[in-house]
Amino acid sequence: MTSPDWLNDPETPYLLIDEARYRNSIHRLYSHVEGLGSRVRPHLKTLRSPEAAAYLLKNADSPATVSTLAEAEGFADAGYTNLLYAVGIAPHKLDRVARLIHRGIDLHLLLDTPEQARALTEYAALHNITFSVFIEVDCDGHRGGLPADSAALTELAAMVDGQGAVLTGLLAHAGESYNCRTHEAIRLAAGKECEAIRAAGERIRALGIACPVLSVGATPTAHFSEELDGISEVRAGVFTTFDLVMKNVGVCSISDIAMSVVTSVIGHNREKNWIFVDAGWMALSRDRGTASQVDDYGYGLVCNMNGVPFGKVCVSITNQEHGIISLPAGCGLTTDTFPVGSRLRILPNHACATAAMHQQYQVLTEDGKQATWHRITGW
């Protein structure tokens, strides 16, 4: 397939989204999760774009996940009303949360400490407001949260429910699944994630607290869950575009990656067999997530404008506004293969980090036309 001419028009570097791949990846995950009797609460943090969210959220009250209050405010402005802020709440942010609630936004907060709970209940009493709360459950020792069998979990639930807050649910994130290298390992992580949150839910409900929602999710486990009995919702984010880290984990193939950075060749060092491009770390990010994986893609995999890789040619060095492609010996390519002024597409290591370097995205629509999506910025 030949790339449309308009890809040569926008100033480089720019971030490009392939709509067909984006839509196909959404359909893949939604079909899987809904087929197991649950629903997807997509994490919008990768693209943070109202235009992109329209593919994920069918209705204004469709469940969604955000990682910043700026996202919550931006998506509220776009008309979405059911948002889970899936980062532990800092007490000084409660004023912003309250303003969203007063606008009619069903904003759910996350916590896992008594200090957060006390700040929240004290604020609720002082301002005559009721918060919706999720408690984070640690399912794999990855990051935050409370173990499912801990006394701290039930004590925290009792602190918040009915004390200026409603304990809407429990949340688990199988972050260690990003370190898996086989499908079987991901399936085991998915099972462990569900087992942990179901056990935690049973303990909370035994206290007489309804806690209706059990929420799990990470892009690997979301795709490899074999059963979701009792699981209310599954969260995932990078599944919409995928990236090279997810390819190495085994969740997608190169041909599934819907995001690339379009860059121009600006020079050569023929002695070193280097190509210089105008996409440095300010366009690609400095994420080196593939460095410890089976295939190290440097700062991104180099493709032609049709999105076909030049073997395993990668961006090997980044400066702020310069990228350097070091052609490996025996690859059959020379600097003359990449004339000054020609354009290339770079697949990202970590889609979230790369998208964060751009304020808008150019979209290659399924019919070959151009669209523009905008990013919500800030925290």
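## A guided look at a predicted model

Visitor: What share of the 379 residues counts as buried?
Guide: Welcome! Keep in mind that this is a predicted model. Of the 379 residues in the protein, the share that counts as buried is 55%.

Visitor: How many helices and strands are there, and what is the radius of gyration?
Guide: The protein has 11 helices and 18 strands. The globule rule gives 21 Å for 379 residues, and the computed value is close to that, so the protein is as compact as a globular protein of that length. The radius of gyration is 22 Å.

Visitor: What box do the C-alpha atoms fill?
Guide: The box is taken along the principal axes. Its dimensions are roughly 70 × 40 × 35 Å.

Visitor: Which percentage of contacts between residues at least 6 apart in sequence joins residues at least 24 apart?
Guide: Here a contact means heavy atoms within 4.5 Å. Among contacts between residues at least 6 apart in sequence, the part joining residues at least 24 apart is 67%.

Visitor: How far apart do the centres of the positive and negative side chains lie?
Guide: There are 31 positive and 42 negative side chains in the protein. The centres of these two sets lie apart by 2 Å.

Visitor: Is helix H3 mostly covered or uncovered, and which of its residues are buried?
Guide: Helix H3 spans residues 69-77 and is mostly covered, with 7 of its 9 residues buried. Its cover includes helix H2 (50-53), strand S3 (64-66), strand S4 (82-88), helix H4 (94-102) and strand S5 (106-111). The buried residues are Leu69, Ala70, Glu71, Ala72, Gly74, Phe75 and Ala76.

Visitor: Which residue with a positive phi follows H3?
Guide: The phi of this residue is near 105 degrees. The residue that follows H3 is Gly79.

Visitor: Now to strand S5: is His108 buried or exposed?
Guide: His108 has its place in strand S5. Buried means under 20% relative accessible area. At 5% relative accessibility, His108 therefore counts as buried.

Visitor: With which side chains does the side chain of His108 make a polar contact?
Guide: His108 is in contact with Arg41, Asn82, Leu83, Leu84, Tyr85, Ser132, Phe134 and Thr168, leaving aside neighbours within four places in sequence. Another, at 2.7 Å, is with the side chain of Ser132.

Visitor: Which backbone oxygen does the side chain of Thr240 reach?
Guide: Thr240 sits in the loop between strand S10 (233-234) and helix H9 (244-249), and it counts as buried at 4% relative accessibility. Beyond four places away in sequence, Thr240 touches Arg21, Tyr22, Ser25, Ile26, Leu56 and Ala258. At 3.4 Å, its side chain reaches the backbone oxygen of Gly237.

Visitor: What is the relative accessibility of Gly250, and how does Gly250 count?
Guide: Gly250 is in the loop between H9 and strand S11 (259-269). Not counting residues up to four places away in sequence, Gly250 touches His183 and Phe224. At a relative accessibility of 25%, Gly250 counts as partly exposed.

Visitor: How far apart in space are Gly250 and Cys180?
Guide: In sequence, Gly250 and Cys180 are 70 residues apart. In space, C-alpha to C-alpha, they are apart by 8.5 Å.

Methods:
Residues numbered from 1 in each chain as written. Predicted model: local features only at pLDDT ≥ 70, side-chain atom pairs only at ≥ 80, totals over all residues. Heavy atoms only, no water. Helix = DSSP H or I, 4+ residues; strand = E, 2+ residues; numbered from the N terminus. Rg over C-alpha atoms; globule rule 2.2 N^0.38 Å. Buried < 20%, exposed > 50% of the residue type's maximum accessible area, 1.4 Å probe, protein only. Lys, Arg positive; Asp, Glu negative; His and termini not counted. Charge placed at Lys NZ, Arg CZ, Asp CG, Glu CD. Polar contact = N/O pair within 3.5 Å; in protein donor to acceptor, adjacent residues only side chain to side chain.
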